[in-house]
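Subject: Structure handover

Hi,

Here is the structure for you to open.

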Amino acid sequence: AIEGLTRAGHRALALGAGREAVGCFRKALLLSRDTVSPQLHRACAFNLGAAYVETGKPKKGLEFLLHLSFNVGAAHEGLQDFPKALECFEKVGSHASAAQAGGRAGTCVQMGCCYLGMREPARAARCFLDAAQSYAAAESPEAAAVALSRASGSMLQSRRFRAAEIARVLARCRSLCETIPDPALRGKLYNDIGLGYSQLHIFSLAAESFERALGLCGGEPERDRRREAALLQNLGAAHNALRSFGTALGWHRAAAALHGALGNRRAQGQCFGNLAYACSQLGNHGAAAESYLHALQAFRDSGDLQGQWQACEGLGAACFHLGDPQKAIGHYQEAL
């Protein structure tokens with residue numbers, strides 16, 4: 001039961017469900033009090049404390065994290081004392097043996113988070129890559145895939161890595177995804193991989209990753225529906241970039257409808273703007289003008305000025321193509 005709760009807690013943390021993770025780790029800690037293993041009890045206490053730190057409650061986590069210097073490091077990290085935290089983590093990392101690959105990987109992840117906090121994404125990326133290697137040695141493919149995903153994000157943020165290097169990390173992460181049984185985690189990782197490929201302008205693999213993620217969306221809870229709306233929007237944008245505008249239309253319309261149902265007007269405006277662009281590229285300037293008008297209203301409702309001038313500019317182009325230069329001039333003036 002403790003192992004099951006611990007696995008569920010780590011999955012919840014990877015999915016950003018901090019409250020759920022805390023609940024799992026708290027139950028595991030309570031059960032561990034009935035065991036004869038002090039090491040198991042300490043591990044459960046660490047998991048709960050680390051979850052509190054991860055979810056923005058470092059002071060609460062501190063009471064669970066006072067047994068090892070690694071634990072103290074985690075609390076320092078949460079309290080934004082990143083250099084002090086790194087000192088603690090490096091101490092632990094230097095004493096970790098090959099048999100403690102899982103523990104060493106956790107240390108590397110925490111060091112990576114510290115470097116991100118210090119705005120050093122290149123160093124963070126190397127820590128996450130080390131963590132992925134250690135997790136693989138410890139036969140933890142789920143944790144290795146999450147570490148690779150974080151590594152690729154840090155590599156993209158740092159701008160110090162070649163596109164080919166980042167693509168290799170994304171490919172490794174993608175291959176591990178196929179072995180992950182948890183559909184929610186697999187879906188989140190495919191979405192992150194798609195975003196990474198989009199930043200590398202490898203839109204064919206981005207679209208494929210988004211489609212895989214979409215197939216894993218449950219569609220019931222609101223969080224899943226928001227993720228589904230974002231995936232539909234990403235798929236439409238990827239097909240726009242691939243210039244497969246006919247295919248893109250369906251994704252744009254579905255994304256706009258779902259964002260609208262969820263009350264996210266700004267994102268709905270972006271989808272209408274993407275739809276309008278696809279229509280214009282297909283030569284349907286009347287449909288483009290109509291979609292730009294919907295986008296403009298959505299951006300006005302959400303107070304997005306940049307969205308408003310982009311929609312006005314698009315309207316100007318549509319009106320010009322429809323043979324109404326005076327109306328086009330008015331929209332361009334509004335955009336200015």
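Predicted model: local features only at pLDDT ≥ 70, side-chain atom pairs only at ≥ 80, totals over all residues.

Residues are numbered from 1 along each chain as its sequence is written, and side-chain values use heavy atoms, with hydrogens and water left out.

The protein chain has 18 helices and 0 strands. These are DSSP runs, numbered from the N terminus: helices are H or I, at least four residues, and strands are E, at least two. Of the 336 residues, 47% are buried (under 20% relative accessible area, 1.4 Å probe, protein chains only).

S291 sits in helix α16, residues 285-302. S291 is buried, at 7% relative accessible area. Leaving out residues up to four places away in sequence, S291 touches F272, L275 and A276 (contact means heavy atoms within 4.5 Å).

Helix α16 also packs on helix α17, residues 305-321. The angle is about 160 degrees and the axes are 9 Å apart (axes are lines fitted to C-alpha atoms over the stretch in contact; angles run from 0 to 180 degrees between N-to-C directions). So α16 is roughly antiparallel to α17 (angles over 145 degrees). On the α16 side, the residues in contact include Y292, L293 and F299. On the α17 side, they include A311, C312 and L315.

Best wishes

Conventions
Buried < 20%, exposed > 50% of the residue type's maximum accessible area, 1.4 Å probe, protein only. Parallel < 35°, antiparallel > 145°, perpendicular 65-115°, else oblique.
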